[in-house]
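Please read them with the coordinates open.

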Amino acid sequence: MTANFDELLEGFRSLLSTFDDGLVRDAVARIAWKMPARPLEPHPLACLRHLDRAAELAPGSARPLAQLLAQRRDDLHWGQTYSEADFGKTFIDNYGWLEVFGTRGHFVNDEVAAGLLILGPDIVYPDHHHIAEEIYIPLTGGTEWRMGESGFRVRQASEVIHHASDVNHAMRTGKEPLLALYIWRGGPLAAKSTITGTVSQGKD
Ligand SMILES: [Fe+2]
């Protein structure tokens with residue numbers, strides 16, 4: 001039997017509709033939401049252990065989606081773009097994403113990819129860039145983000161973060177994990193980022 005993730009797509013869409021932000025509204029309006037499901041085998045990752053804490057930390061509007069992810073974590077097909085050779089074992093054990101829809105996610109969409117990213121505490125996601133434009137909305141606060149030449153700054157849950165095409169960006173989590181919603185559009189949707197940052201996690 002194929003698992004049904006309609007509730008996941010619905011929850012994702014309804015959370016996106018709560019953001020009073022022009023960029024998000026525009027992205028949501030352009031998404032063709034009637035997407036066929038793509039059957040995928042479950043693929044759990046080590047980083048899923050952070051989902052319970054992320055669901056506790058998520059603000060009210062994001063909590064139902066975070067709880068749904070936590071409940072169904074073992075049925076979902078989680079992915080990693082990088083390997084241990086890129087950023088080390090600590091990173092790989094604390095990193096993963098779920099493509100809700102896109103060219104390889106649980107629902108088929110060739111125009112836009114969107115999903116959720118998990119990073120464990122005390123993790124550095126070094127400077128990287130990609131052709132696709134990216135919108136991030138952290139669902140947990142406390143992570144430091146930076147883009148271009150600017151320094152790191154802490155972003156709260158529900159802030160909308162925009163990474164323009166090919167602009168370097170990086171994240172650094174603090175004492176709590178990061179759960180963040182992402183939307184990718186306008187570029188190769190399954191491309192691996194170009195890494196320009198250093199890979200030390202401090203603990204490696
Ligand atoms: Fe990115």
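1. D26, R30, E133 and R185 are joined in a network of salt bridges. A salt bridge here is a side-chain nitrogen of Lys or Arg within 4 Å of a carboxyl oxygen of Asp or Glu. By this rule the model has 15 salt bridges. This is a predicted model: local features need pLDDT of at least 70, side-chain atom pairs count only at pLDDT 80 or more, and totals for chains, interfaces and linings use all residues. Residues are numbered from 1 along each chain as its sequence is written, and side-chain values use heavy atoms, with hydrogens and water left out.

2. Helices (H or I, at least four residues) and strands (E, at least two) are DSSP runs, numbered from the N terminus. D26 is partly exposed, at 28% relative accessible area. R185 is buried, at 13%. Buried means under 20% relative accessible area, exposed over 50%, and partly exposed in between (1.4 Å probe, protein chains only).

3. Two other salt bridges deserve a look. D75 and R72 meet at 3.3 Å, N to O. D75 is partly exposed at 34%, and R72 is partly exposed at 21%. R104 and E99 meet at 3.4 Å, N to O. R104 is partly exposed at 32%, whereas E99 is buried at 3%.

4. Where does R73 sit? R73 is in the loop between α4 (63–71) and β1 (78–79). R73 is buried, with a relative accessible area of 15%. A polar atom of its side chain lies 3.0 Å from the backbone oxygen of L48. Not counting residues up to four places away in sequence, R73 touches L48, R49, L51, D52 and W78. Contact means heavy atoms within 4.5 Å.

5. Check the iron site. H130 (NE2), E134 (OE), E134 (OE) and H169 (NE2) are the protein donors, 2.1 to 2.6 Å from the iron ion. Donors are N, O and S atoms within 2.8 Å of the metal (3.2 Å for Na, K and Ca); water is not among the atoms, so sites may look incomplete. The donor residues are spaced H-x3-E-x34-H in sequence. E134 in strand β6 (residues 133–138) and H169 in strand β10 (residues 169–172) are 35 residues apart, so this pair links distant parts of the chain. Both E134 and H169 are buried.

Terms used:
A polar contact is a pair of N or O atoms within 3.5 Å; within protein, one must be able to donate a hydrogen and the other to accept it, and residues adjacent in sequence count only if both atoms are side-chain atoms.
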